[in-house]
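Please view the sequence and the model before reading on.

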Amino acid sequence: MAPLSIMQALVLFLGITLPAFTITGAQPIGVCNGRNGNNLPSEQDTVRLYNDNGIGRMRIYDPLRGTLEALRGTNIELILDVPNTKLESLQDPNAATAWVQDNILNYPDVQFRYIAVGNEVDPDKTSSYVQFVLTAMKNVHDAIVAANLQDQIKVSTATYSGLIGPSSPPSQGAFKDNAQEFMKQIIDFLVQNDLPLLANIYPYFSYEANDNEKLEYALFTTPDVIVQDGDLGYKNLFDALLDVMYSAVEKMGGSNIKIVVSESGWPSSGGKGTTAENAQTYYKNLIDHVRGNNGTPKKPGTSIETFLFAMFDENNKGPADTEKYFGLFDPSTRQPKYDLNF
């Protein structure tokens with residue numbers, strides 16, 4: 001072998017010694033790892049199940065030590081949440097720096113991808129947290145920048161369709177009046193720092209709440225355009241809801257913001273349209289749709305990075321019974337509930 005140049009030797013050296021905070025370019029499908037059950041596999045066994053099934057991305061809702069330890073040395077890319085209950089404590093920049101040190105920097109062999117600072121904070125339902133989200137995002141982002149990890153780890157928050165007011169057709173999508181100031185400040189921050197928005201998108205809940213919503217439209221099984229929006233035709237509710245969110249974000253000045261679908265799923269029991277057959281159809285078709293990389297009618301050709309909810313049925317969730325049955329795997333047997341190819 002020819003001797004290495006000084007530059008080659010330096011690159012090799014840096015490649016060996018730098019922390020492994022990298023984005024590996026896995027498939028655009030992840031699975032959320034909720035832990036709200038009393039019969040769940042250990043965190044080590046859960047990570048092994050991700051690896052065994054070729055699931056390359058995970059979301060966790062708290063920086064659980066056991067999960068972070070189990071993820072060391074794997075190529076599983078992670079969304080790590082700052083729980084809503086921790087937002088107030090991160091108003092202090094020093095506290096945010098300590099949080100990043102404890103939960104990010106202490107795990108250089110974990111593949112962090114996004115930090116979700118708060119989940120579904122809502123001026124109507126969780127108003128006590130609204131005042132804390134933006135400052136916590138800024139402080140966590142500043143700590144990530146100070147660690148020179150801003151190119152690898154993106155700071156955001158996870159919003160949801162509950163903040164949307166007008167939504168039909170999708171081009172009319174807009175945030176509710178009492179959410180506009182809250183979301184405008186967040187979107188301005190994301191634009192300034194070239195950060196994505198995380199959004200939980202659930203056709204199931206739209207179908208459940210609307211007697212006129214066609215099941216086939218929600219399950220990706222209709223061959224026909226159901227909603228016509230100018231020149232754009234919608235054959236599935238997932239695309240429509242995602243484009244509603246894009247339209248709402250654009251109206252706030254975020255036309256270049258990428259939206260990552262941080263949750264989407266269909267329950268197998270507990271409510272309207274909740275059968276194992278329907279859940280299998282939804283998950284399979286969503287995976288195929290996202291993997292097809294065709295984007296939405298509003299954003300054709302734009303990759304839709306999507307996290308399925310959730311890895312396991314969670315028997316301690318509620319209050320709605322459906323909340324217990326979003327799992328892709330049975331927690332007791334660790335066997336898949338559906339025939340899916342990740």
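The structure is a predicted model, in which local features need pLDDT of at least 70 and side-chain atom pairs count only at pLDDT 80 or more, while totals for chains, interfaces and linings use all residues. Residues are numbered from 1 along each chain as its sequence is written, and side-chain values use heavy atoms, with hydrogens and water left out.

**Pockets**

A pocket is an open set of points on a 1 Å grid over the protein atoms alone where a 1.4 Å probe fits, with protein on both sides within 12 Å along at least five of seven lines; lining residues have an atom within 4 Å of a point. A volume is the space filled by probe spheres set on the points.

| Largest | about 1100 Å³ | E120, Y160, N200, Y202 and F205 |

The largest pocket is lined by 44 residues, of which 19 are nonpolar (Ala, Val, Leu, Ile, Met, Phe, Trp, Tyr, Cys and Pro), nine charged (Asp, Glu, Lys and Arg) and 16 polar (the others, Gly among them). Helices α7 (203–209) and α9 (237–251) each supply at least two residues of this lining, and α9 gives the most, with four. Helices (H or I, at least four residues) and strands (E, at least two) are DSSP runs, numbered from the N terminus.

Strand β4 (111–119) and helix α6 (180–192) each give two or more of them. The classes here are seven nonpolar, five polar and four charged residues.

**Strand β6 and its partners**

Strands pair if DSSP finds at least two bridges between them. Strand β5 (154–160) runs parallel to β6 and is joined to it by three bridges; Y160 has N200 as its bridge partner. The β-α-β crossover from β5 through α6 to β6 is right-handed, meaning that, with the strands pointing away from the viewer, the path from the first strand over the helix to the second runs clockwise. Strand β9 (259–264) also pairs with β6 in the parallel sense, over four bridges, and its E263 stands opposite N200.

**Helix α2**

In helix α2 (43–52), the buried residues are D45, T46, V47, L49 and Y50. Their cover includes β1 (29–32), β2 (57–60) and α3 (65–71), where contact means heavy atoms within 4.5 Å. After α2 comes G54, which has a positive phi near 70°.

Conventions:
Buried < 20%, exposed > 50% of the residue type's maximum accessible area, 1.4 Å probe, protein only.
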